[in-house]
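This report describes a chain and its ligand, from the ligand shell through the fold to single residues. Please look at the sequence and the coordinates before reading on.

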Amino acid sequence: MEVENEASCSPGSASGGSREYKVVMLGAGGVGKSAMTMQFISHQFPDYHDPTIEDAYKTQVRIDNEPAYLDILDTAGQAEFTAMREQYMRGGEGFIICYSVTDRQSFQEAAKFKELIFQVRHTYEIPLVLVGNKIDLEQFRQVSANFIW
Ligand SMILES: Nc1nc2c(ncn2[C@@H]2O[C@H](COP(=O)(O)OP(=O)(O)OP(=O)(O)O)[C@@H](O)[C@H]2O)c(=O)[nH]1
Ligand SMILES: [Mg+2]
């Protein structure tokens, strides 16, 4: 994956003495949100597409040299599972918006996710990262790395 846009992370609530950060994975169906999450959580890459309804993970990390918890919510990209969207956009402290570089429409949908966050939160001052995934499939690339969001 390649990180193409980044904003700083703001602190979240405390959990057992450690800071807790609520991160939400967003993006169109099949762009690789679950694969990315599994790679991060368990260092395994699922090579199948099992459409997510909603999966939550909690893992211990160090952020700014302090122990912290990351609550990662892996959400549904497929439209039929998106009823909870507004609720998790309200609760997220940081968002990872994913698209596939092989799928131009998923890039356009990424911009829509940003707008949806704005509609729910009424501010653009929300930490978020735009991730262009599947860069190993260079021969099928539809989204230039130079595109500006
Ligand atoms: N070649 C390649 N395939 C990938 C990459 N990331 C994910 N995939 C594949 O893309 C397919 C979909 O990945 P998922 O992680 O299930 O996609 P998702 O965004 O979670 O999809 P939904 O849960 O339906 O929203 C799977 O077959 C993955 O193995 C990548 O970086 N490169
Ligand atoms: Mg998924």
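Which element gives the largest share of the shell around ligand 1? Helix 1 (residues 33-42) does, with three residues.

## Basis

The model is predicted: local features need pLDDT of at least 70, side-chain atom pairs count only at pLDDT 80 or more, and totals for chains, interfaces and linings use all residues. Residues are numbered from 1 along each chain as its sequence is written, and chains are lettered from A and ligands numbered from 1 in the order in which they are written.

Ligand 1 is surrounded by 21 residues, and the closest are Gly32, Ser34, Ala35, Thr52 and Gly77. A residue is near the molecule if its C-beta atom, placed from the backbone, lies within 6 Å of it. By type, the shell holds seven nonpolar, 10 polar and four charged residues. Here Ala, Val, Leu, Ile, Met, Phe, Trp, Tyr, Cys and Pro count as nonpolar, Asp, Glu, Lys and Arg as charged, and the others, Gly among them, as polar.

Lys33, Ser34, Ala35, Met36 and Thr37 of helix 1 are buried. A residue is buried if 20 or more other C-beta atoms lie within 10 Å of its own, exposed if 12 or fewer, and partly exposed in between, with C-beta atoms placed from the backbone. The cover over the buried residues of helix 1 includes strand 3 (18-27), strand 4 (54-63), strand 5 (66-75), strand 6 (94-100) and strand 7 (128-133). His43 follows helix 1 and has a positive phi, near 55°.

## Fold

The chain has three helices and seven strands, in the order β-β-β-α-β-β-α-β-α-β along the sequence. Helices (H or I, at least four residues) and strands (E, at least two) are DSSP runs, numbered from the N terminus. Of the 149 residues, 29% count as buried. Among contacts with a separation of 6 or more, 71% join residues 24 or more positions apart; two residues are in contact if their C-beta atoms, placed from the backbone, lie within 7 Å.

Strand 3 pairs in the parallel sense with strand 5 over seven bridges, and five bridges join strand 3 to strand 6, also parallel. Two strands pair if DSSP finds at least two bridges between them. Val23 has Ile72 as its bridge partner in strand 5 and Gly94 as its bridge partner in strand 6. Strand 6 in turn pairs with strand 7 in the parallel sense, over six bridges, and Ser100 stands opposite Asn133 in strand 7. Five of the six residues of strand 7 are buried.

Strand 6, helix 3 (residues 104-121) and strand 7 form a right-handed β-α-β unit. A crossover is right-handed if, with the strands pointing away from the viewer, the path from the first strand over the helix to the second runs clockwise.

## Nonpolar core

The largest nonpolar core has 25 residues, of which Leu26, Phe95, Ile96, Ile97, Cys98 and Tyr99 touch the most other members. Strand 3, helix 1, strand 6, helix 3 and strand 7 each give two or more residues to this core. Such a core is a set of buried Ala, Val, Leu, Ile, Met, Phe, Trp, Tyr and Cys residues joined through C-beta atoms within 7 Å.

Apart from neighbours within four places in sequence, Ile97 is in contact with Leu26, Gly27, Ala110, Phe113, Lys114, Leu128 and Leu130.

## Two residues of helix 3

Ile117 lies in helix 3 and is buried, because 22 other C-beta atoms lie within 10 Å. Not counting residues up to four places away in sequence, Ile117 touches Met89, Phe95 and Ile126. Gly92 is 25 residues from Ile117 along the chain, with 9.5 Å between their C-alpha atoms.

Phe118 is also in helix 3. Phe118 counts as partly exposed because it has 13 C-beta neighbours inside 10 Å. From Phe118 to Met89 the distance is 9.2 Å, C-alpha to C-alpha, across 29 residues in sequence.

## Positive phi

Most residues other than glycine have a negative phi. Asn65, in the loop between strand 4 and strand 5, has a positive phi of about 70°. Is Asn65 buried or exposed? Asn65 is exposed, because 6 other C-beta atoms lie within 10 Å.

Lys134, in the segment after strand 7, has a positive phi near 65°. Lys134 counts as buried because it has 22 C-beta neighbours inside 10 Å.
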